[in-house]
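Please go through the following briefing with the sequence and the coordinates side by side.

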Amino acid sequence: MTKRRTYPRRGLHGEVVHAIGLRILRGELQPGDPLPTEEELKADGFSRTVLREAVRVLAAKGLVHAQPKTGTRVRPRSEWNIVDPDVLAWRVEAGPDSELYEQVTEVRVGIEPRAARLSAERATDEEIEAIREAYEAMEAGVKDQAAYLAADLLFHERILATCHNELLGHLGSMLRAVFRTTFEYTTSSPTSRRRALPLHGAILDGIAAGDGDAAEAAMRTLIDDTAADIRRSNAC
């Protein structure tokens with residue numbers, strides 16, 4: 001699966017994109033509001049070229065649009081590309097967002113249990129081994145969040161890929177940023193990572209055994225546990 005790359009924060013272009021994007025997601029710039037003018041940005045040391053590049057990037061993410069005479073303004077929220085990796089990252093950075101995590105859970109419940117069943121029914125021996133390798137990487141990286149997170153994402157992506165359904169495969173690529181948002185939050189604790197390992201193992205066992213019922217049920221259990229973990233964290 002292809003991986004979507006975020007816009008680099010380094011450099012003047014990246015700084016302006018990040019600063020404006022974050023202001024939009026925080027609500028400091030509301031739909032219909034104009035972006036900072038070239039004069040304002042110039043006072044902060046940014047050139048017209050930098051602003052134009054930033055506007056181009058933000059427009060590609062659906063956050064702003066430029067019109068003659070009225071200038072560049074924030075688009076309505078309904079037009080934002082909310083699954084863009086940067087937009088998701090800014091939404092998380094803007095502050096606690098329990099609504100986002102609930103929405104991600106709803107998406108996962110609607111897709112992943114069925115995907116686990118299809119994987120159990122359709123995955124080849126080689127594909128099952130690839131899922132197993134991702135699981136073993138999770139085991140090896142349980143003390144290292146970055147390593148565990150990378151393996152966790154790969155585990156779920158490979159399940160979607162082994163459904164042998166092109167739409168689900170492409171959906172997995174699109175949802176990578178969405179899953180990362182939740183997984184980064186829920187894998188921050190070593191205790192959470194250790195608790196989640198056997199739940200992932202049960203999914204793998206169901207797929208390897210060709211048992212669609214078991215794989216689907218295990219995936220539901222994992223998602224339910226993740227949702228409960230998020231609610232516990234938000235309650236603290």
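The secondary structure of the protein chain amounts to 10 helices and 2 strands, where helices (H or I, at least four residues) and strands (E, at least two) are DSSP runs numbered from the N terminus. Read from the N terminus, the order of elements is α-α-α-β-β-α-α-α-α-α-α-α. This is a predicted model, in which local features need pLDDT of at least 70 and side-chain atom pairs count only at pLDDT 80 or more, while totals for chains, interfaces and linings use all residues. Residues are numbered from 1 along each chain as its sequence is written, and side-chain values use heavy atoms, with hydrogens and water left out.

**Strand pairing**
- Strand β1 (residues 64-67) pairs with strand β2 (residues 71-74) in the antiparallel sense over 4 bridges, pairing being assigned if DSSP finds at least two bridges between two strands.
- Q67 stands opposite G71 in β2.
- The hairpin of β1 and β2 has 3 residues between the strands, and K69 takes a positive phi near 75° there.

**Extent and packing**
- The C-alpha trace of the protein chain spans about 65 × 40 × 30 Å along its principal axes.
- Of the 236 residues, 45% count as buried, that is, under 20% relative accessible area with a 1.4 Å probe, protein chains only.
- Among contacts (heavy atoms within 4.5 Å) with a separation of 6 or more, 71% are accounted for by residues 24 or more positions apart.

**Surface**
- The accessible surface of the protein chain comes to about 12,200 Å², and 51% of this belongs to carbon and sulfur atoms, with areas taken from the Shrake-Rupley method with a 1.4 Å probe.

Technical notes
Buried means under 20% relative accessible area, exposed over 50%, partly exposed in between (1.4 Å probe, protein chains only).
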